[in-house]
Amino acid sequence: MQQFENAREAALALRPDDPIYCFRPQVLKADARQFMGMFPGRTAYAVKTNGEQIVLKALVEAGVGAFDVASPGEFAAVRAVSPDAEMLYMHPVKAQSDIKLALEKYGIRVISLDHEDEITKLTRVVRALDIDPGAITVFVRIQTKGSAAYELSKKFGAGPANAVELAERLNRTGYKVGLCFHVGSQIEDPDTYERALASADWVRNRVSFDIAGLDVGGGFPAEYGHDPNRKQIEMPSLGQIMSRLSGDLKEYQFDQMPLVAEPGRVIVARCLSLIVRVLLRKGKRLYINDGIWASLSDSWTGKITLPARFIPDPAIRSRNGEEKNIMPFKVCGATCDSVDILSRPFWLPETVDTGDWIEIGHIGAYSLSLRTRFNGFYPDTFVEVTTPFDEGDAPQGFASLETMAD
Ligand SMILES: *Cc1c(COP(=O)(O)O)cnc(C)c1O
């Protein structure tokens with residue numbers, strides 16, 4: 001992989017017409033180690049956030065020894081970078097053939113579910129393969145209520161009373177039984193984990209046996225850009241959230257059992273930025289070479305503020321306006337699809353023009369893992385960059401949360 005000091009250097013050297021991912025392995029390793037240092041249990045990275053081989057490999061090098069996986073594709077991706085990393089199969093709804101593959105070929109022994117039919121499927125496979133149920137830890141996923149930018153509890157999770165029944169049934173069959181929840185992604189309310197712990201406590205107090213562990217899922221918020229037009233929502237730092245979570249775990253007496261977290265976004269968000277080119281400026285619109293069907297679907301939802309840095313093309317000799325005047329531009333994506341327009345404008349210097357580049361920062365999570373081949377566009381070029389996005393000039397621009405009239 002070609003190496004550059006920063007994205008500006010890469011853009012000026014390569015003059016890329018295709019989007020370029022700027023990968024910062026040192027930032028990734030530092031963010032992973034920071035999380036592992038703060039969480040009082042095991043860290044299982046959620047592969048769906050970003051399952052690129054270079055990312056998984058760097059995480060293994062950073063000492064991440066466990067991965068939250070959901071599909072055969074993810075089992076294989078983890079095995080390809082590590083012969084002995086532990087995998088936790090935490091998708092509550094699974095194909096029976098995938099359960100068999102997980103247990104038989106990949107040696108997976110940790111699994112989650114939220115329904116009795118999933119117990120039936122699992123037990124059928126366990127019997128067929130003649131595995132002792134006592135070698136398997138089954139986490140019962142419980143429903144949570146809370147506030148996150150992306151809510152998931154409407155889709156998965158057993159209500160507390162049902163969770164007690166599922167846990168009892170699993171225990172009778174001989175499995176080790178844990179409890180897990182996933183509060184959704186990018187939590188916006190620091191009380192979220194406490195509410196989930198209270199539910200887990202309710203279930204734990206009603207089962208007739210000792211539970212084998214607690215998995216607190218993901219949801220830990222990553223840092224994004226700041227929109228100066230908007231009052232900043234006061235979100236505590238990761239350190240504050242973690243010390244609060246550790247305190248709550250003690251208070252509910254979960255601290256004496258094996259603990260797991262499944263962070264995704266908070267670990268990978270900062271390790272990638274994206275260089276896009278302005279293919280055309282048409283008035284207050286910018287047509288770029290990426291979009292919602294490629295790396296920017298998470299920003300399309302309009303829930304996060306991405307920081308952006310202007311990389312003017314030095315070949316453009318005359319410009320209109322002042323670089324210090326920042327104004328909103330509507331950003332149109334690369335495909336011919338009329339919905340491929342970012343829902344929020346990018347604020348950039350008024351001088352931005354056809355041929356310039358924009359570096360969009362903190363795009364490591366839920367970006368390239370969601371890209372499609374729609375319309376024949378599939379960004380897949382990577383360079384390594386040594387300077388963290390947050391160092392160097394402050395980002396001039398940002399993808400705002402304000403809407404913009406046409
Ligand atoms: C997506 C997911 C995660 C990761 O969530 P982040 O908000 O990215 O940390 C963790 N656990 C489960 C079960 C998930 O589905």
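How many salt bridges are counted between domain 1 and domain 2? The count is 1 salt bridge (a side-chain nitrogen of Lys or Arg within 4 Å of a carboxyl oxygen of Asp or Glu). Arg371 and Glu52 form a salt bridge, with 3.4 Å between the closest N and O atoms. The model is predicted, with local features needing pLDDT of at least 70, side-chain atom pairs counting only at pLDDT 80 or more, and totals for chains, interfaces and linings using all residues. Residues are numbered from 1 along each chain as its sequence is written, and side-chain values use heavy atoms, with hydrogens and water left out.

Domain 1 spans 3-21 + 270-398 and domain 2 spans 40-262, with bounds taken from an automatic or database domain assignment. Their centres, taken over C-alpha atoms, are 34 Å apart. Contact (heavy atoms within 4.5 Å) draws on 18 residues of domain 1 and 15 residues of domain 2. About 1600 Å² is buried between the two domains, with carbon and sulfur atoms giving 57% of this area; buried area is the accessible area (1.4 Å probe) that two parts lose on being put together, summed over both.

Between the domains, 6 residue pairs are in polar contact, both residues being at pLDDT 80 or more. A polar contact is a pair of N or O atoms within 3.5 Å; within protein, one must be able to donate a hydrogen and the other to accept it, and residues adjacent in sequence count only if both atoms are side-chain atoms.

Turning to the ligand, 16 residues surround it (a heavy atom within 4 Å), and the closest are Lys48, Ser185, Glu262, Arg265 and Tyr366. Oxygen atoms of the ligand lie 2.7 Å from a side-chain N or O atom of Lys48, 2.9 Å from a backbone N or O atom of Gly264 and 2.7 Å from a polar side-chain atom of Tyr366. Of the 390 Å² of accessible area (Shrake-Rupley method, 1.4 Å probe) that the ligand has on its own, the protein covers 93%.
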